[in-house]
Amino acid sequence: MPSVISVSNLSKTYASGFEALKNINLDIERGEIFALLGPNGAGKTTLISIICGLVNASGGTVVANGYNIVTNYRQARACIGLVPQELTTDAFETVWNTVSFSRGLFGKRADPSHIEKTLKALSLWNKKDNKLITLSGGMKRRVLIAKALSHEPDILFLDEPTAGVDVELRKDMWELVRSLRADGVTVILTTHYIEEAEEMADRIGIINHGQIILVEEKKALMRKLGKKQLTLQLPEPLAQIPGQLAGYGLELSEDRKALTYTYDIQQQTDIAAMLAELHKGGIRFQDLSTRQSSLEDIFVGLLREKP
């Protein structure tokens, strides 16, 4: 699948000497939902700001939809919609006028039908004549999304789109993002809610200390780095793990009444052998449960491995 955004050898060093981005190389495929994860200060917003033409890079190139973001700024920027993290709106303007004005800023002719469709998709239609100062924080965030979609971009950046909004609104936004992807829009989001990336993303990118440390398809990442745990509940405390089971890396709980076996997909065939060894050793269990690691577990583990 062709790349809609191509970032090559991108770096950003501020006047203070702080190196925010270090030799970033990243290709984002057309029509995908790409989640960029990283701790605070990792470089997520700086990277997005450079791609969107809001911050100048110190080195490297960015091509968006075939246009160089520096030499063909207007064409590149017209392809991009950006929903910033901060709630910056004209407090005393109406929803309708705010969104319509944003469309005009990109040189697009007035299209009331598109504005109406966008506002209805974001459950803002009944608020179209309200001034922004009267809206809740969640509604203001919806207005920011409507502004970003007003000029019908091919690429949409969502920088922490659901920060500070309730669970119901978050799920509504997930549905909107999926519908945009179905219409061919490429969506790039940064989020602190790992379950958001796990729910929606096609691919995951992880950035830390200004460097991309991993880019992987979500399903492949879960298969490759995800772990599973099998926990056996014992009918009575076990003094110690028998020597013949030492190779399985079993862990005995503090109350000595549970054994936990951690494994990956390639080790599933070891379970039967491990259970057979337990039986031979006269160790019985009365219940068992399994748990698979989440994307959050993988994310935390990667940051520990690559400080």
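Leu26 lies in strand E2 (residues 19-29); strands (E, at least two residues) and helices (H or I, at least four) are DSSP runs, numbered from the N terminus. The model is predicted: local features need pLDDT of at least 70, side-chain atom pairs count only at pLDDT 80 or more, and totals for chains, interfaces and linings use all residues. Residues are numbered from 1 along each chain as its sequence is written, and side-chain values use heavy atoms, with hydrogens and water left out.

With a relative accessibility of 6%, Leu26 counts as buried. Buried means under 20% relative accessible area, exposed over 50%, and partly exposed in between (1.4 Å probe, protein chains only). Leaving aside residues up to four places away in sequence, Leu26 touches Ile5, Ser6, Val7, Phe34, Leu47 and Val215, where contact means heavy atoms within 4.5 Å. Ile5 is 21 residues from Leu26 along the chain, and their C-alpha atoms are separated by 7.9 Å.

## Strand pairing around E4

Strand E4 (residues 59-64) pairs with strand E1 (residues 3-13) in the antiparallel sense over 5 bridges; two strands pair if DSSP finds at least two bridges between them. Ser6 has Val63 of E4 as its bridge partner.

E4 is also joined to strand E5 (residues 67-68), by 2 bridges and in an antiparallel arrangement. Here Val63 stands opposite Asn68. The hairpin of E4 and E5 has 2 residues between the strands, and Asn65 takes a positive phi near 55°.

Helix H5 (residues 137-149) has 13 residues, which at 1.5 Å a residue should span 18 Å; the end C-alpha atoms are 19 Å apart, which agrees. The expected span is 1.5 Å times one less than the number of residues. Because 10 of its 13 residues are buried, H5 is largely enclosed by the rest of the structure. The cover over these buried residues includes strand E6 (80-83), helix H3 (95-105), helix H4 (112-121), strand E7 (155-159) and helix H6 (167-182).

H5 and H6 pack at an angle of about 10°, with their axes 11 Å apart. Axes are lines fitted to C-alpha atoms, for helices over the stretch in contact, and angles run from 0 to 180 degrees between N-to-C directions. H5 is therefore roughly parallel to H6; angles under 35 degrees count as roughly parallel, over 145 as roughly antiparallel, 65 to 115 as roughly perpendicular and the rest as oblique.

## Confidence

The protein chain averages a pLDDT of 84, and 88% of the residues score at least 70; pLDDT is the predictor's confidence in each residue, from 0 to 100. Among the elements of the protein chain, E4 has the highest mean pLDDT (96) and helix H10 (residues 295-305) the lowest (66). Where pLDDT is low, the predicted coordinates should not be read in detail.
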